[in-house]
Amino acid sequence: QVHLVESGGRFVQAGGSLRLSCTASGGTFSNDAMGWFRQALGKEHESVAAISRSGDITYYSNSVKGRFTISRDNAKNTVYLQMNSLKPEDTAIYYCAAGLDTGMAVTTGHPNYYDYWGQGTQVTVSS
C-alpha cells in the first residue's frame with residue numbers, strides 16, 4: 001500500500017510562486033508514474049501534471065503549461081510541483097497520485113491510471 005503525503009500549499013498573492021512536495025512510502029516509488037491533480041470548489045477534478053518513473057517524460061494541462069514544472073527525486077521518494085506566475089484560478093486543493101508507469105498514466109494524465117492518492121494540500125491565490 002502506497003502512502004502519499006503532500007505539503008507546501010498555502011496562501012499566496014497572484015504572480016507569486018509555490019513549490020508543492022509529495023513524499024511516498026510503502027511502495028516502489030521508482031516504478032510509479034506520479035501525477036498532480038487539483039479540485040477547486042464547485043468544479044471537477046482536473047489533471048495538472050504528470051511525470052514518468054524516470055522523469056524523462058512529462059505531461060501538463062494547457063492551463064498550467066509554461067508556468068508549472070513537475071519533477072521528481074527517486075532517491076527521496078518525492079515528487080515536486082513548482083508553480084510560478086500563480087493566478088487566482090489556480091486556487092484549489094492539490095493532490096498527488098501514484099500509478100504503475102505503463103505509459104498512458106503520463107501521456108494522458110488521466111486520473112484513471114492512478115491507484116493511490118494523497119489527502120491534498122490547499123493552495124489559495126489572492127488577487
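The model is a predicted one, so a few ground rules apply: local features need pLDDT of at least 70, side-chain atom pairs count only at pLDDT 80 or more, and totals for chains, interfaces and linings use all residues. Residues are numbered from 1 along each chain as its sequence is written, and side-chain values use heavy atoms, with hydrogens and water left out.

The protein's secondary structure amounts to one helix and eleven strands; helices (H or I, at least four residues) and strands (E, at least two) are DSSP runs, numbered from the N terminus. Read from the N terminus, the order is β-β-β-β-β-β-β-β-β-α-β-β. The radius of gyration is 13 Å, close to the 14 Å that the globule rule gives for 127 residues, so the protein is as compact as a globular protein of that length. Here the radius is taken over C-alpha atoms, and the globule rule is 2.2 Å times the number of residues to the power 0.38. Along its principal axes, the C-alpha trace spans about 40 × 25 × 25 Å.

Of the 127 residues, 43% are buried, where buried means under 20% relative accessible area, exposed means over 50% and partly exposed covers what is in between (1.4 Å probe, protein chains only). The accessible surface comes to about 6,300 Å², and carbon and sulfur atoms own 47% of that; such areas come from the Shrake-Rupley method with a 1.4 Å probe, and for residues only the protein chains shown count as cover. Contacts reach along the chain too: among those between residues at least 6 apart in sequence, 60% join residues at least 24 apart, a contact being heavy atoms within 4.5 Å. As for charge, there are 10 positive and 10 negative side chains, with the centres of the two sets 7 Å apart. Lys and Arg count as positive and Asp and Glu as negative, while His and the chain ends are not counted; the place of a charge is NZ of Lys, CZ of Arg, CG of Asp or CD of Glu.

Next come the rings. The structure holds two aromatic pairs. Rings of Phe, Tyr and Trp (its six-membered ring) pair if their centres lie within 6.5 Å; planes under 30 degrees apart count as stacked, over 60 as edge-to-face and the rest as tilted. Phe 37 and Tyr 114 make an edge-to-face pair, 5.3 Å centre to centre with 75° between the planes. This pair ties together distant parts of the chain, since Phe 37 sits in strand E4 (residues 32-39) and Tyr 114 in the loop between helix H1 (104-108) and strand E10 (116-117), 77 residues apart. Both partners are tucked away: Phe 37 is buried at a relative accessible area of 1%, and Tyr 114 is buried at 4%. Phe 37 also pairs with Trp 117, this time tilted, at 4.7 Å centre to centre and 50° between the planes. Again distant parts of the chain are linked, with Phe 37 in strand E4 and Trp 117 in strand E10, 80 residues apart. Trp 117 is partly exposed, its relative accessible area being 30%. Through these ring pairs, Phe 37, Tyr 114 and Trp 117 join into a cluster.

Strand E4 also holds Asp 32, which is buried at 12% relative accessible area. Asp 32 and Ile 51 are 19 residues apart in sequence and 9.0 Å apart in space, C-alpha to C-alpha. Leaving out residues up to four places away in sequence, Asp 32 touches several others, including Val 2, Ser 52, Arg 72 and Asp 101. Ser 52 itself lies in the loop between strand E5 (46-51) and strand E6 (58-60) and is buried at 3%. Beyond its neighbours within four places in sequence, Ser 52 is in contact with Asp 32, Ile 57, Arg 72, Asp 101 and Val 106.

Ser 63, in the loop between E6 and strand E7 (68-73), is partly exposed at 34%. Residues up to four places away aside, Ser 63 touches Arg 38 and Glu 46, and its C-alpha atom is 29 Å from that of Val 2, 61 residues away along the chain. Asn 77, in the loop between E7 and strand E8 (78-83), has a positive phi near 55° despite being a residue other than glycine. Ser 85, in the loop between E8 and strand E9 (92-100), is not a glycine either and has a positive phi of about 50°. Asn 77 is partly exposed at 26% relative accessibility, and Ser 85 is partly exposed at 40%.
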